[in-house]
Amino acid sequence: MYLSLTRGVGLLVEEKKQLTLVLGVIGADVHAVGNRILEYAFTEAGFKVVNIGVMASQEEFINAAVETNADAILVSSLYGHGEIDCRGLREKAIEAGIGDIKMYVGGNLVVGKQDWDDVKQRFLKMGFDRAYPPGTMPQEAIDDILEDFGLKQKC
């Protein structure tokens, strides 16, 4: 999770800066266990995690990202209404001056059985950088975040 280099006594010295992630469960969703598991996994992977908890509004995600100068927003939803709850989040980020922030979403994002590729495309069109289906292991998202920030190449 190290991003930048600074000049030191004739040498380039790596400056350690953790990536800061805002994590939460959006909307009226109260699924707290998965949220805690994700917090643990991302923290153990070396990220600074700002967990805003469950039943979080879009504004809470945006405000936390602005206040902490976050590098990414991670939205979780398990109750099936993520598509409704996430609409307009990228636009709110743009309005807040953080339009280029990386955004990730995952979980049971829609009601009923729907083709995952269609669901994923809808979330990408909403402005998310990546979308994950139910059952995705945290390591996949960790690897993707590292790759997206140029800190790890996918094999």
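Contact, in this talk, means heavy atoms within 4.5 Å. With that in hand, take Val75. Leaving aside neighbours within four places in sequence, Val75 is in contact with Gly24, Ile26, Phe61, Cys86, Leu89, Tyr104, Val105, Gly106 and Phe128.

Two notes on where this comes from. The model is predicted, so local features need pLDDT of at least 70 and side-chain atom pairs count only at pLDDT 80 or more, while totals for chains, interfaces and linings use all residues. Residues are numbered from 1 along each chain as its sequence is written, and side-chain values use heavy atoms, with hydrogens and water left out.

Now the cores. A nonpolar core is a set of buried Ala, Val, Leu, Ile, Met, Phe, Trp, Tyr and Cys residues joined through side-chain atoms within 4.5 Å. Buried means under 20% relative accessible area, exposed means over 50%, and partly exposed is in between, using a 1.4 Å probe and protein chains only. The largest core has 25 residues, and Ile73, Val75, Phe123 and Phe128 have the most contacts inside it. Which elements each supply at least two residues of this core? They are β3 (20–26), β4 (48–56), α2 (58–68), β5 (72–77), α4 (89–95), β6 (102–107) and α5 (116–125). Helices (H or I, at least four residues) and strands (E, at least two) are DSSP runs, numbered from the N terminus. The element that gives the most is α2, with four residues. There is also a second, separate core of 15 residues, which includes Tyr104, Tyr132, Ile142 and Ile145.

Is Glu83 buried or exposed? Glu83 is buried, because its relative accessible area is 15%. This residue lies in helix α3 (residues 82–86). Not counting residues up to four places away in sequence, Glu83 touches Leu109, Val110, Arg122, Phe123 and Met126.

Arg130 is in strand β7 (residues 130–132). At 23% relative accessibility, Arg130 counts as partly exposed. Beyond four places in sequence, its contacts are Met103, Tyr104, Val105, Leu124, Asp144, Glu147 and Asp148. With Asp148, the side chain of Arg130 makes a polar contact of 2.7 Å. A polar contact is a pair of N or O atoms within 3.5 Å; within protein, one must be able to donate a hydrogen and the other to accept it, and residues adjacent in sequence count only if both atoms are side-chain atoms. The C-alpha atoms of Arg130 and Gly106 are separated by 8.4 Å, and the two residues are 24 apart along the chain.
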